[in-house]
Structures are given as structure tokens and as C-alpha cells.
Amino acid sequence: MSYLIQQTLIYAVPLMIVALTGVFAERSGIINLALEGIMIFGAFIGVLFIYQTQSGTVFEAAYKAKDYLTLQLYMLLTMLVSAVMGAVFSLLLAFAAINLKADQTIGGTALNLLAPALVLFFIRIIANQSNLKMEGDAPSWFMLKKTMFGYPKLGNAGFFAETFLNKTYLATYVCILIFAVLSVLLYTTRFGLRLRACGENPQAADSLGINVVKMRYAGTTISGALAGMGGFVFALTTANGSANGDVAGFGFLALAVMIFGNWKPLTIAGGALLFGLFKCVAASYNILDLNGDGRYFLNELNINSYVYQMLPYLITLVVLAFTSKSSRAPKAEGVPYDKGMR
Amino acid sequence: MAEMNEKSYSRLERRRTVGASLISILIGLVTGSLLILIVGLTTKNIGLSGAWEGIRLVFGGLFSTGRDMATGVLTFGFNPNTFGNMLFRSTPLILTGLAVAVAFRTGLFNIGAPGQYLMGICVALLISLSIPSSQVSPVIIWFLAFLGGMLAGGLWGAISGALKAFLNINEVIACIMTNWIAANLVTLIFSGSNLRNLTENTKSAYIYKTSVNNVATAKLGLDKIFSDSQVNGGILIAILLAILISVLLNRTVFGFELRATGSNRYAARYAGIVDKRSIVLSMVIAGAMAGAAGALYGLSGNTEFYWSTYQSLPGVGFNGIPVALLASNSPIAVIFTGMFMAMLDISGQQLKNLTGYNEYLTNIIISVIVYLSAFSLVIRNFLVKHDDGVSRALSSLGNSLRGNKRKGAGK
């Protein structure tokens with residue numbers, strides 16, 4: 001059970017946070033199809049940052065001295081770096097979409113093409129191979145273990161500690177926290193209301209003195225920052241600390257989760273968890289033992305593993321089939337803001 | 001007279017479109033060259049001379065004939081091998097480009113070409129390897145396999161189209177989901193099959209080449225012109241299909257219905273067009289094109305399909321998007337942009353083989369071109385707005401001249 005929850009969270013959290021980034025862009029009126037590309041870029045930046053700084057620095061010393069606090073700060077710093085660079089990268093989309101009134105779908109597609117090309121080009125030049133890996137066993141530097149919290153290495157430390165403190169990443173919880181904070185920001189603050197207004201009726205918003213251009217830049221930049229960070233979290237927690245110009249379609253899946261969640265944070269969290277659960281089942285159905293009787297129920301069903309792999313996508317389509325009649329996208333998304341239009 | 005104006009106007013429009021695309025391409029190539037220069041100057045073992053070689057390959061990779069053995073200087077000239085391979089690689093690109101373009105004209109963003117492509121290649125391989133060529137003529141098997149691949153792609157596209165038309169599911173999401181479902185389905189189909197290459201022990205991740213069963217796309221003499229390249233008759237099929245799609249879209253009632261649905265779905269419905277049917281059929285055609293791309297690639301006889309594809313989607317499916325965008329979704333223009341992209345692909349290979357750079361540089365160039373094409377429409381509209389006065393003056397001048405002539409004839 002602990003394993004199931006952990007694995008589900010590992011898949012669900014990057015999806016959740018990146019889907020929320022989509023919400024920020026779209027609620028301000030910009031379709032951010034580039035989530036995949038920004039994630040790829042963010043993953044690369046994060047891994048590159050660690051690759052360049054990990055050896056011969058305070059961080060290596062901290063690892064040897066088992067100074068976990070410094071290591072966690074190091075990880076947070078890397079998340080921040082990825083976020084900043086993700087934001088910078090997303091400016092390309094914001095500039096094309098807002099200042100040049102370009103087609104947002106095409107602009108996003110361009111970034112999706114640019115990110116892997118750029119990343120692979122530089123990985124080849126830097127590492128002379130097709131993927132960039134943190135050196136040594138770096139992902140484990142950042143992994144939380146129950147021994148860090150004073151629990152004994154052997155023996156059961158209780159459900160809570162085994163599930164949430166052992167073999168997890170702080171990044172996961174930081175993402176959940178950011179998710180909560182941003183959801184509140186979007187719904188209860190003046191800024192959030194204004195941002196949403198720009199995605200529904202920018203002309204009306206403008207007439208009330210809201211700077212639509214600024215708001216849309218804000219939406220896209222927040223979106224880029226979080227997607228970049230989400231990319232690094234993906235690379236750390238599911239790609240074993242490597243960047244190879246690919247995030248397994250997570251950016252596109254996040255987009256699906258966003259639509260699935262009807263552009264609302266709570267339903268997005270639900271959708272991401274559902275998707276993460278099925279993804280987890282797909283990855284490890286043959287070692288899942290839910291009731292602890294030592295038998296692997298799903299494995300005994302003798303269903304081909306690729307059927308399980310297919311499930312998350314099938315389920316998403318089925319749920320969408322039932323819900324999308326009532327789905328409601330932000331009214332002005334994808335429409336360049338033109339002051340002269342009514 | 002009104003007809004004449006319309007014609008000259010559309011000619012003007014076309015010229016602007018082509019102009020905008022050419023400008024985008026040029027800027028893309030220059031950006032790539034700048035990147036080469038910067039990387040060359042900052043990387044120890046490349047330097048300025050290496051950068052200059054890289055830039056020449058970016059622009060003229062198609063004409064590269066390698067290095068002179070004695071002097072080590074890059075040589076250029078007509079290279080039948082790279083030309084033939086360019087044509088071979090452009091075949092699937094043209095077809096996936098068509099898959100994206102047709103859907104675009106109906107107002108749909110078909111990001112599902114990778115899945116449709118996979119279904120096409122899967123069914124084509126199943127048919128071409130399962131029917132023994134000792135009993136059925138290989139030509140018949142080839143046609144069955146090709147049509148089967150097209151049909152599979154079409155049906156796969158129909159799923160996304162139907163979800164969009166009847167259940168209002170965003171086609172981008174439907175396409176993404178069906179892509180991954182297709183990737184898993186194809187892996188599922190081949191995972192237990194005896195079509196896997198189990199005779200060569202390093203090749204079990206691949207399906208047998210279709211030439212094992214004597215099935216392969218006819219070369220049609222192209223291999224004589226472009227010696228020792230992979231080219232085959234597939235390129236002619238791709239061009240033929242592009243022309244057919246162009247006629248269908250621009251010269252038939254059905255094509256008009258598709259385009260009308262794309263311009264404004266609700267207005268089209270008001271005019272009596274069954275918009276839902278247009279959406280589904282457009283995706284069927286799009287899927288069939290992507291399926292044909294997969295089928296032709298699989299049936300070439302010398303390609304091997306990596307069947308365990310459940311974690312990755314074929315890039316050629318996604319590359320249909322830039323091909324279509326660069327062609328402004330015109331089927332005829334797709335032929336040329338597909339070849340252009342294949343040419344860049346070849347340049348990338350030459351960069352990798354001959355210099356310290358790698359093939360991803362050309363992907364960067366492509367993405368820059370797509371980025372520019374996002375607002376090439378904007379640039380064009382700007383041009384239209386500003387030379388409106390000029391063209392109005394010209395056309396009124398033309399009208400008055402023609403009017404005078406007619407008056408003269410009347411006398």
C-alpha cells in the first residue's frame with residue numbers, strides 16, 4: 001500500500017504541477033502547448049546545473065559528511081534554477097503570442113520542437129553522448145530516507161513514516177505546497193481575479209484599467225517557471241536523474257489532465273492522481289500486493305502488461321467522453337488581444 | 001472581370017505566402033549558422049575553420065560528396081546517394097505533412113499523426129509478412145499491405161475525429177491519447193508474434209524486413225538514377241497522393257465542405273453542411289495519409305521496424321506538423337517543404353559524419369522556421385494592410401485598360 005501511494009505520487013505530482021501551469025497560461029488567455037518543450041528544457045537545465053556543480057564543491061563535501069540539510073537546499077536551489085530558465089524559455093512564446101499576435105498553437109509547437117533539438121545538440125557537445133546524467137548516484141543524494149528522521153533502518157516505522165518519509169523526495173512535497181499556494185492565489189486574490197478576467201473577456205478587463213499585456217505575460221511566465229521546475233522534478237524522480245530531450249510525453253499528458261480537470265485546480269489534482277494511479281499500476285502491477293497476503297492479484301490475472309500500460313490513456317478518454325460536454329475552456333484563450341476589437 | 005480580379009488577387013496572396021515562407025527559411029538557416037559559429041569559436045577542437053565547414057554543410061549538405069582523402073577539404077558536387085536518400089526520407093514526411101495539412105484545412109490540429117503512422121506500419125507489416133509470397137504474387141501482397149496500412153491509419157484517425165465531432169473532446173487531447181494507445185497496441189501486437197527477427201540474435205527488437213517475404217516497393221528505375229541510395233517508387237506515390245488531395249480539397253464539393261467547416265463550423269452547419277461528418281471524414285483522410293507514410297516506410301524492403309515502441313512515438317509523425325505549417329497547409333506545397341525538411345535531415349547527417357557538430361542542429365533550424373511561421377501570417381497581414389492602396393490602384397488601372405479595350409472592340 002505504501003508503495004502504491006508513493007509511486008502514484010511520483011507520477012501524479014509532476015503532472016499536477018505542470019497541468020496547473022497550463023491553467024495559469026490559459027486562464028490569462030494564452031494556449032500553452034509548449035508545456036512539453038518547457039519541461040524538456042527545465043529537465044536539461046536542472047540536470048546540467050547539478051552535473052556542473054556536484055563534484056569538488058561544498059555539495060560533494062556535504063554528501064560525504066551526510067549533511068542532508070545542505071543537500072536538500074542544493075535540490076531546492078536546482079529547482080529554482082530550472083524554474084527561472086523555464087520562465088526565460090517561455091518568454092519566446094509570450095513574445096510571439098502577445099506582442100506579435102502570433103498563432104499560439106504554432107508558437108507552442110515551435111517551442112516543442114526547439115527544446116529537444118537544443119537540448120540534444122548541447123548534450124552531444126557537452127557529454128558526447130545522447131543523454132546527460134548526474135554523476136555517480138546523484139539522485140540518491142536527494143532522496144529522503146526514514147533513517148534521516150531518526151527511525152531505525154530495519155523494522156517497520158509505521159504507515160506514515162514508511163509512506164511519506166522513506167524513499168521519497170522533498171521535491172514532491174514542495175510541488176504540492178506550491179500547487180496549493182497557487183490555487184489559492186488564482187481564486188482568492190485580486191491578481192488571480194484579474195488574470196482570469198483576461199482569459200474570459202480581455203476587452204472588458206482592459207476597460208476597467210487592467211493591463212492585459214502584463215497579465216498575459218504574468219500568466220505565461222508563471223506557467224513557464226513551473227513547467228521548467230516540473231521538468232526537473234520529473235528528471236529527478238522518474239528519469240533517474242538524466243536528461244535526454246524527452247519527458248515521456250508528460251507535458252502533453254499534463255495538458256490532457258488540465259482539460260480533464262476543466263481548468264480548475266481541485267479537479268486537476270484529482271485527475272492527476274487518477275492518472276498517476278493507473279500509471280503506477282501499469283509500471284508495477286506484477287509486484288503489487290494490496291492486501292498483504294503475499295499474492296500478486298493483478299499478475300495472476302494474466303493480462304498482457306501493455307494492456308495495463310494502455311489503461312491510463314484509455315481511462316482518460318473514457319472520462320473525457322462523459323465529462324467534456326460540460327467542459328468549459330476560458331472564453332478568450334488562443335485569441336490575441338486586440339484593443340480595437342469588441 | 002470580377003473573376004480576373006479574384007485570380008490576380010489570389011496569385012498575389014500566394015506570392016506573399018511563398019515570400020513569407022522563404023524569408024522564414026532564410027532566417028532559420030542564418031540562425032543555425034550563427035549557432036555553429038558561436039559553438040565553433042567556444043569549443044576547442046572545432047575552431048573557426050570547423051565552423052566554416054559546418055555552415056557550408058548546413059546550406060549545401062545535399063551536395064556534399066565527403067572529404068578529399070589527400071587534402072582533407074570538404075568536396076561538393078552532385079551526389080546521387082544523398083539525393084536518392086533525400087527523396088526516400090521525404091516520402092513519409094510529405095505524407096505526414098499531408099495528414100496535418102488536410103486536418104488543418106478542416107480546422108483541426110492533427111497531432112495524432114504518430115499514432116496513425118504506427119497503425120499504418122503495423123498493419124502493413126502484418127499483411128506483407130503473413131501472406132506467403134510462394135502462394136500469392138508479391139505485387140498483390142504489396143498492394144494489400146499498402147491499402148491495409150492506409151485503412152488502419154484512416155480508422156485510427158476516425159477515432160479522434162468522432163470523439164471531437166460527437167463528444168466534443170478536444171482533438172489535441174484525443175490525438176495525444178490515441179497516440180500512446182497506438183504505441184502500446186502496436187507493441188502488444190508484436191510482443192508475442194513470430195514476425196520478430198529471431199534468426200539474427202541481435203535483431204529481436206526488430207520486425208523482419210519485408211524483403212524476407214519478397215515484398216518491397218518497386219524501385220521503378222529510380223535506383224538507376226540515384227545509385228546506391230534507398231530511393232524507391234514511394235516518393236512518386238506520395239507526390240500523386242498530394243496532387244489528389246489538392247484536387248479533392250480545391251476542386252470538389254466535398255473539399256469545399258471540409259474547408260467551409262474549417263473556416264467556421266457553425267456557419268457551415270447553417271449553410272446545410274453536416275459539420276460532424278466533415279470533421280470525421282477529414283480525420284479519416286488525414287489518418288490514411290499518415291498510415292500510408294507508415295506503410296511505405298515499412299514496405300521499402302530495407303527498413304527495420306523497432307516494435308517495442310510503447311515508450312516513444314515516431315518523430316516523423318510530429319515532423320509532419322512543421323512540413324504542413326511551412327507549406328501554409330497547401331497540399332502541393334507540402335511536396336516541396338517535405339523535400340526541404342528531408343534535405344535538412346541529410347545536411348544534419350553530413351554535419352554529424354564530417355564535422356564536430358551533430359544532426360540536432362538542423363532540428364534547431366526547423367524549429368526556428370516554425371517559430372517564424374507562427375507570425376508569418378501576421379507579417380503577411382501587415383503587408384496586405386500596407387500595400388492595399390498600391391494593389392487597389394493597380395487593379396483599377398487594369399480594369400480601366402480592359403474596359404477601354406472592350407469598348408474599342410464594341411465599336
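A salt bridge here is a side-chain nitrogen of Lys or Arg within 4 Å of a carboxyl oxygen of Asp or Glu. With that criterion in mind, note that the model on screen is predicted, and that seven salt bridges are found in it over all chains.

Begin by selecting Glu359(B) together with Arg124(A), whose closest N and O atoms are 3.4 Å apart, so that the pair meets the 4 Å criterion. Glu359(B) is buried at 14% relative accessible area, whereas Arg124(A), at 21%, counts as partly exposed.

Next, select Arg67(B) and Glu53(B), whose side chains form a salt bridge with an N to O distance of 2.9 Å. Because Arg67(B) belongs to strand S1 (residues 64–67) and Glu53(B) to helix H2 (residues 47–60), both of chain B, the pair ties together parts 14 residues apart in sequence. Arg67(B) is partly exposed, with a relative accessible area of 31%, while Glu53(B) is buried at 17%.

Then move to Asp345(B) and Arg89(B), a salt bridge in which the closest N and O atoms are 3.1 Å apart. Here distant parts of the chain are linked, since Asp345(B) lies in helix H13 of chain B and Arg89(B) in helix H3 (residues 80–105) of chain B, 256 residues apart. Asp345(B) is partly exposed at 29% relative accessible area, and Arg89(B) is partly exposed at 27%.

Finally, select Arg265(B), Arg269(B) and Asp275(B), which are joined into one network by salt bridges that share partners.

Methods: Residues are numbered from 1 along each chain as its sequence is written. Chains are lettered from A and ligands numbered from 1 in the order in which they are written. This is a predicted model: local features need pLDDT of at least 70, side-chain atom pairs count only at pLDDT 80 or more; totals for chains, interfaces and linings use all residues. Side-chain values use heavy atoms; hydrogens and water are left out. Buried means under 20% relative accessible area, exposed over 50%, partly exposed in between (1.4 Å probe, protein chains only). Helices (H or I, at least four residues) and strands (E, at least two) are DSSP runs, numbered from the N terminus.
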